[in-house]
Amino acid sequence: MRLSDIGHAIYRRKRLSTKDYNIIATACTELGERTFKHYASKNTPGVAFSFFDHVVVDESTTTDRFVTAVFGDFLYNSLVQRKIIRVTSKNYYSLTNDLSKLLYYLIQNERVNAGILYRKLPATSSMVKKYDYTYFNQAVHFRHNVKKKNIQLLNSALDDFVKNKVAIKEYTFSEIGTWNIHYFPLSDAEYNDLSFENNNALFD
């Protein structure tokens, strides 16, 4: 973003002085240094984060310059996750299996990541991803420690996705204990809603 665009919004005048540009540039870089805290209780910070990972002001000129601000990981990942939930949550209530509901956002997140990569690199990527038992065992707390029974539960959950045409087109389970899951590709509407993932720069 141009410093002049920021200045016009702040000062409400067309002409900006060199001093104005310097003040705006300093304010932008200071914003990149600022840390915010969310308190879990009255005196105990629960989490501290910065809005931006870094802010860079073009120094090639003393007049109109460009500023690039890149989201910090905490805020960026939070926004991405909110977008994924908003875009994909409409199919949640189609599922009837309790475990499939627990896996829903994990599966949709995997589908979104695969879908975005497939859109960018269709020749070298795929909507099929492979998982082993450890992956699901780390994601879900099973009531039983019997692997064979838990695999049956997982297959029933994945069947629920396939039956209701939610996220998963089809899957196969091999004798060595791995799943090949074929996800539905992202629709144009879904991809457009998630398109800011292509670049996490806020101003550029």
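Predicted model: local features only at pLDDT ≥ 70, side-chain atom pairs only at ≥ 80, totals over all residues.
User: Why is Phe 173 called partly exposed?

Analyst: The relative accessible area of Phe 173 is 33%, and the term covers what falls between buried (under 20%) and exposed (over 50%), using a 1.4 Å probe and protein chains only.

User: Which residues are in contact with Phe 173, leaving aside neighbours within four places in sequence?

Analyst: They are Ile 151, Asn 155, Thr 178 and Trp 179, where contact means heavy atoms within 4.5 Å. For Asn 155, which is 18 residues from Phe 173 along the chain, the C-alpha atoms of the pair are separated by 8.2 Å.

User: How do you know whether Tyr 21 is buried or exposed?

Analyst: Tyr 21, which is found in helix H2 (residues 18-33), has a relative accessible area of 10% and is therefore buried. In space, the C-alpha atoms of Tyr 21 and Asp 64 are 7.0 Å apart, although the two residues are 43 apart in sequence.

User: What do Lys 165 and Ala 167 show about phi, and which of them is buried?

Analyst: Phi is near 55 degrees for Lys 165 and near 70 degrees for Ala 167, and each is a positive value in a residue other than glycine. Lys 165 lies in the loop between helix H6 (147-163) and strand S6 (168-173), and Ala 167 is found in that loop as well. At 66% relative accessibility, Lys 165 counts as exposed, whereas Ala 167, with a relative accessible area of 4%, is buried.

User: What makes the pairing of Glu 110 with Lys 129 a salt bridge?

Analyst: A salt bridge is a side-chain nitrogen of Lys or Arg within 4 Å of a carboxyl oxygen of Asp or Glu. The closest N and O atoms of Glu 110 and Lys 129 are 2.9 Å apart, so the pair meets the rule. Glu 110 lies in helix H4 (residues 98-120) and Lys 129 in strand S5 (residues 128-132), so this bridge ties together parts that are 19 residues apart in sequence. Glu 110 is buried at 11% relative accessible area, whereas Lys 129 is partly exposed at 26%. Side chains of opposite charge can pair when their charged atoms come close.

User: How many salt bridges are there by this rule?

Analyst: The count comes to 3. One of them joins Glu 190 and Arg 111 at 2.7 Å, N to O; this pair links distant parts of the chain, with Glu 190 in helix H7 (residues 188-193) and Arg 111 in helix H4, 79 residues apart. Both Glu 190 and Arg 111 are buried. Asp 188 also forms a salt bridge, with Arg 119, and the closest N and O atoms are 2.8 Å apart. Asp 188 lies in H7 and Arg 119 in H4, so the pair ties together parts that are 69 residues apart in sequence. Asp 188 is exposed at 53%, and Arg 119 is partly exposed at 34%.

User: Why are H4 and H6 called roughly perpendicular?

Analyst: Their axes come within 9 Å and cross at roughly 70 degrees. Angles under 35 degrees count as roughly parallel, over 145 as roughly antiparallel, 65 to 115 as roughly perpendicular and the rest as oblique, and H4 and H6 are therefore roughly perpendicular to each other. The contact is made by residues including Leu 99 and Tyr 104 of H4, and Leu 153 and Phe 161 of H6.

User: How many helices and strands does the protein have, and what share of the residues is buried?

Analyst: The secondary structure comes to 7 helices and 8 strands, and buried residues make up 34% of the 204 residues.

How values were computed. Residues numbered from 1 in each chain as written. Heavy atoms only, no water. Helix = DSSP H or I, 4+ residues; strand = E, 2+ residues; numbered from the N terminus. Axes fitted to C-alpha atoms, helices over the stretch in contact; angles between N-to-C directions.
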